[in-house]
Amino acid sequence: MPEEKKLVRKPHNIIMESRKVMSVSGVEDVDSFDEQTIVLFTEYGALTITGENLHMNRVNVDTGEMQLEGEIASLSYADSVGKKSGGFFSKLLK
């Protein structure tokens, strides 16, 4: 009898300090980034972070953790329905 696999979602948390430093967990992939926009994928949908002078200090897609700094202006989620296959880091690590 085949075993049924349960889908276990990674915890997804965002911690922002004074709109200058942000830690994100549950990151599956980073689609694109520049100093004004960072687009990443989570199990809860695509997350777009906008602002000025944005810099990713630490990214680990194995553990799903990312830390960034800059002047954070907004966070916006989109449904995961239109998720692209593979983002920047998945292409880089092939």
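User: Which residue in β6 is the bridge partner of S25?

Analyst: The bridge partner of S25 in β6 is E65. Keep in mind that this is a predicted model.

User: What makes β2 and β6 a pair of strands?

Analyst: The number of bridges. β2 and β6 are joined by 5 bridges and run antiparallel. At least two bridges are needed for strands to pair, so β2 and β6 count as paired.

User: How do you know that β1 and β2 pair, and in which sense?

Analyst: There are 4 bridges between β1 and β2, and the sense is antiparallel. The cut-off is at least two bridges, so β1 and β2 pair. E17 stands opposite V21 in β2.

User: What is the phi of S18 in the hairpin of β1 and β2?

Analyst: S18 takes a positive phi near 55°. The hairpin has 3 residues between the strands.

User: Where does R19 lie, and what is its phi?

Analyst: R19 lies in the loop between β1 (14–17) and β2 (21–25). Its phi is near 55°, a positive value in a residue other than glycine. Most residues other than glycine have a negative phi.

User: Why is the contact of R58 with E65 called a salt bridge?

Analyst: The closest N and O atoms of R58 and E65 are 3.8 Å apart. A salt bridge requires a side-chain nitrogen of Lys or Arg within 4 Å of a carboxyl oxygen of Asp or Glu. The R58 and E65 contact therefore qualifies. The structure holds 1 salt bridge.

User: Why are R58 and E65 called partly exposed?

Analyst: R58 has 41% relative accessibility. E65 has a relative accessible area of 35%. Buried means under 20% and exposed over 50%, so values in between are partly exposed. Both R58 and E65 therefore count as partly exposed.

User: Is D62 buried or exposed, and what makes it so?

Analyst: D62 has a relative accessible area of 72%. The cut-off for exposed is over 50%, so D62 is exposed. D62 is in the loop between β5 (45–60) and β6 (65–78).

User: How far apart are D62 and D29?

Analyst: In sequence, D62 and D29 are 33 residues apart. In space, they are 9.4 Å apart, C-alpha to C-alpha.

User: Why does N53 count as partly exposed?

Analyst: N53 has 39% relative accessibility. N53 lies in strand β5. Although N53 is not a glycine, it has a positive phi of about 55°.

Definitions and conventions:
Residues are numbered from 1 along each chain as its sequence is written. This is a predicted model: local features need pLDDT of at least 70, side-chain atom pairs count only at pLDDT 80 or more; totals for chains, interfaces and linings use all residues. Side-chain values use heavy atoms; hydrogens and water are left out. Buried means under 20% relative accessible area, exposed over 50%, partly exposed in between (1.4 Å probe, protein chains only). Helices (H or I, at least four residues) and strands (E, at least two) are DSSP runs, numbered from the N terminus.
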